[in-house]
Amino acid sequence: MALGRKGSRRIVVDGKAYRWRLRRRPTYFQALSWTPYTFAVEHADVPGTTLVVTTNQPHASNWFGREAKPVLPSDVARAIELALQQGWAPAAAGVPFHLDWSVGFVPSP
């Protein structure tokens, strides 16, 4: 799974460039605030394994107006560092690497 360049942002962590992307429109479950917001990260130059991070926040465009904090570049950098410590190899081929930060997320009833 590769990220499209359109809409992705560049970030440099420990001297290596990555691209990350947020989904503009929520999925149906995210719009209902049943599932938390996610974002994806990949190596900027070498296509390989994608990092998928599940946050503990609802999507900002949820249909119920639940308050959501934005995903900041510092959050993305922290996710990259943690995933690398846990064994994410961004330049190697393979299935997406999942990082779950959803502890504390409360879905809407």
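Helices (H or I, at least four residues) and strands (E, at least two) are DSSP runs, numbered from the N terminus. The structure is a predicted model, in which local features need pLDDT of at least 70 and side-chain atom pairs count only at pLDDT 80 or more, while totals for chains, interfaces and linings use all residues. Residues are numbered from 1 along each chain as its sequence is written, and side-chain values use heavy atoms, with hydrogens and water left out.

The chain contains two helices and five strands. Along the sequence these elements follow the pattern β-β-α-β-β-α-β. The radius of gyration, taken over C-alpha atoms, is 14 Å, close to the 13 Å given by the globule rule for 109 residues, so the chain is as compact as a globular protein of that length. The globule rule is 2.2 Å times the number of residues to the power 0.38. The C-alpha trace spans about 40 × 30 × 25 Å along its principal axes. Of the contacts in the chain (heavy atoms within 4.5 Å) with a separation of 6 or more, 60% are between residues 24 or more positions apart.

Accessible areas were computed by the Shrake-Rupley method with a 1.4 Å probe, and for residues only the protein chains shown count as cover. The chain exposes about 6700 Å², of which carbon and sulfur atoms supply 56%. Residues are classed by relative accessible area as buried (under 20%), exposed (over 50%) or partly exposed (in between), with a 1.4 Å probe and protein chains only. Buried residues make up 39% of the 109 residues.

In soluble globular proteins, nonpolar side chains tend to be buried together. A nonpolar core is here a set of buried Ala, Val, Leu, Ile, Met, Phe, Trp, Tyr and Cys residues joined through side-chain atoms within 4.5 Å. The largest such core in this chain has 17 residues, and those with the most contacts inside it are Ile11, Val41, Leu51, Val76 and Ile80. At least two core residues are supplied by each of strand E1 (9-13), strand E2 (16-22), strand E3 (38-43), strand E4 (51-54) and helix H2 (73-85). Helix H2 gives the largest share, five residues. Apart from its neighbours within four places in sequence, Ile11 is in contact with Lys16, Ala17, Tyr18, Trp20, Pro73, Val76, Ala77 and Ile80.

Strand E3 is mostly covered, with five of its six residues buried. Two strands are taken to pair if DSSP finds at least two bridges between them. E2 and E3 run antiparallel and are joined by five bridges. E3 and E4 also run antiparallel, with four bridges joining them. Arg19 has Glu42 in E3 as its bridge partner.

Side chains of opposite charge can pair when their charged atoms come close. A salt bridge is defined as a side-chain nitrogen of Lys or Arg within 4 Å of a carboxyl oxygen of Asp or Glu. Two salt bridges are found in a search of the whole structure. One of them joins Glu42 and Arg19, whose closest N and O atoms are 2.3 Å apart. This pair links distant parts of the chain, with Glu42 in strand E3 and Arg19 in strand E2, 23 residues apart. Glu42 counts as buried at 4% relative accessibility, and Arg19 counts as buried at 8%. Asp75 and Arg78 also meet through their side chains in a salt bridge (3.8 Å, N to O). Because these two residues are three residues apart in helix H2, about one helical turn separates Asp75 from Arg78. Arg78 is partly exposed, at 46% relative accessibility.

Two loop residues other than glycine have positive phi values. Asp14, in the loop between E1 and E2, has a phi near 55 degrees. Ser33, in the loop between helix H1 (28-31) and E3, has a phi of about 60 degrees. Asp14 is exposed at 67% relative accessibility, whereas Ser33 is buried, with a relative accessible area of 0%.

Arg24 lies in the loop between E2 and H1 and is exposed, with a relative accessible area of 76%. Leaving aside neighbours within four places in sequence, Arg24 is in contact with His59 and Ser61. Arg24 and Pro47 are 23 residues apart in sequence, and their C-alpha atoms are 22 Å apart in space.
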